[in-house]
Amino acid sequence: MSGKQDYDCVVIGAGVQGSFTAYQLAKHNKKTLLLEQFVLPHTRGSSHGQTRIIRRAYEQDIYTQMMGEGYQLWAQLEKEAGVTLYRQTGLLVMGPETSGDYPLVKNTLLKNKVSTVILSRDNFHEHIPNMVLSEGHGALLDVTGGVLFADRALKAVQDQFQKLGGVIRDNEKVSEIKPGPVVKVTTSGGVYQARNVVITAGPWTNKLLAHTGFQLPLETVKINVCYWKEKTPGTYGVKQRFPCFVVTGSLESKEHIYGLPSNEYPDLVKICYHMGSKTDPDYRDLQTDTSDIDILKRYVSRCIPGLVPEPAVVESCMYTLTPDRHFVLDYHPNYSNIVIGAGFSGHGFKFSPVIGKLLCELSLGEVPSFDLSSFKIRRFQSQMKSAM
């Protein structure tokens with residue numbers, strides 16, 4: 001490829017966050033290029049897989065409020081693309097009733113008037129058969145919760161972006177970013193210029209930011225995505241109205257454990273530990289720690305008796321964690337025409353339509369439609385000094 005190609009904006013990283021950002025920019029009639037280092041579709045980042053949980057159940061108001069718009073934007077994409085991206089199952093939240101995250105989630109849902117059913121120990125088994133509520137735990141149902149069809153969603157937003165005139169170039173790894181009033185982005189396939197750049201590269205964020213002399217305090221961990229076989233087929237299926245669930249703390253671990261009803265694989269229930277072991281995204285298969293699976297085996301054996309307490313299928317994914325597990329949605333501290341979306345910490349997929357809108361607003365110099373003070377880079381000032 002010869003010569004430089006000019007765009008209004010280049011988005012680097014075609015996972016779900018970058019794809020929604022590019023889609024929003026194209027909706028604003030911006031000539032937009034979406035770059036991806038791997039051949040699409042691929043399973044090497046954080047956006048692949050058939051399903052994710054969607055919910056408004058959060059400890060913090062900002063996330064519950066953002067998802068209020070998130071559901072509307074998901075429905076809008078469904079309508080535009082003519083595909084089903086969301087199935088409402090409800091989200092069961094369980095955890096120690098008077099400590100940890102459970103009471104915070106309960107308060108946030110009620111305060112924000114989200115449709116919620118509080119379950120008692122007396123009626124829990126009536127509503128949720130084949131699952132054990134631990135002693136001292138509370139339980140509630142976020143009625144809005146459910147399953148997002150992740151791979152289908154990623155394809156849908158990329159298709160809509162291209163219908164709006166957007167350009168996707170995959171199999172093009174960025175080798176240089178040269179900041180300036182016009183940013184020059186060099187890849188294995190060409191040289192591109194744009195007035196604005198958005199970096200949404202997940203685990204590879206710091207490798208790209210290194211070109212700009214800057215690093216964020218991010219850590220990449222590999223997640224074992226586990227599927228557990230039903231002893232009696234259909235017991236925990238979506239057709240039996242079994243909900244998605246989150247356990248905010250248990251005898252087995254202080255970290256969250258989450259699950260989705262059997263659907264994507266026949267008679268297999270997806271249950272995962274919401275943490276992993278540190279890895280390099282380019283060498284993630286060298287990370288073979290299975291201590292999280294041991295925790296899940298104990299939990300499944302104790303609380304979900306209708307499942308075989310040994311995973312039938314184990315896949316992998318990656319989380320890019322910030323120290324406080326909140327997102328980064330902000331301008332580069334030295335270059336106002338470079339916007340960074342990073343550190344989605346294993347809970348960002350459901351927010352991607354809203355995040356894409358917010359990153360688009362930042363790139364266009366508009367006032368963001370939500371208060372982004374929780375997501376600014378300056379909160380990491382002390383950690384960044386040690387990360388540089």
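In this predicted model, the lining of the second largest pocket is made up of 10 nonpolar, seven polar and three charged residues. The pocket has a volume of about 430 Å³, and among the 20 residues that line it, Thr89, Leu141, Arg241, Phe242 and Pro243 are the closest to its centre. At least two residues of this lining come from each of β4 (86–88), β6 (116–119) and α4 (124–127).

Strand β4 also belongs to an open sheet of three strands, which are arranged in the order β3-β8-β4 with antiparallel pairing. Three bridges join β4 to strand β8 (residues 146–149) in the antiparallel sense, and here Tyr86 stands opposite Leu148 in β8.

| Helix | Strands it lies across | Angle |
|---|---|---|
| α2 | β3, β4 and β8 | about 135° to β3 |
| α5 (residues 150–163) | β3 and β8 | about 50° to β8 |

On the α2 side the contact is made by Met66, Glu69, Gly70, Leu73 and Trp74, while α8 contributes Ser352, Pro353, Val354, Lys357 and Leu358. Sorted by class, the residues in this contact of α2 with α8 are six nonpolar, two polar and two charged.

Technical notes. Residues numbered from 1 in each chain as written. Predicted model: local features only at pLDDT ≥ 70, side-chain atom pairs only at ≥ 80, totals over all residues. Heavy atoms only, no water. Contact = heavy atoms within 4.5 Å. Helix = DSSP H or I, 4+ residues; strand = E, 2+ residues; numbered from the N terminus. Nonpolar A, V, L, I, M, F, W, Y, C, P; charged D, E, K, R; others polar. 1 Å grid on protein atoms, 1.4 Å probe; cavity = no way out; pocket = protein on both sides within 12 Å on 5 of 7 lines; lining within 4 Å. Points joined across faces, edges and corners; volume = space filled by probe spheres on them. Pairing = 2+ DSSP bridges. Axes fitted to C-alpha atoms, helices over the stretch in contact; angles between N-to-C directions.
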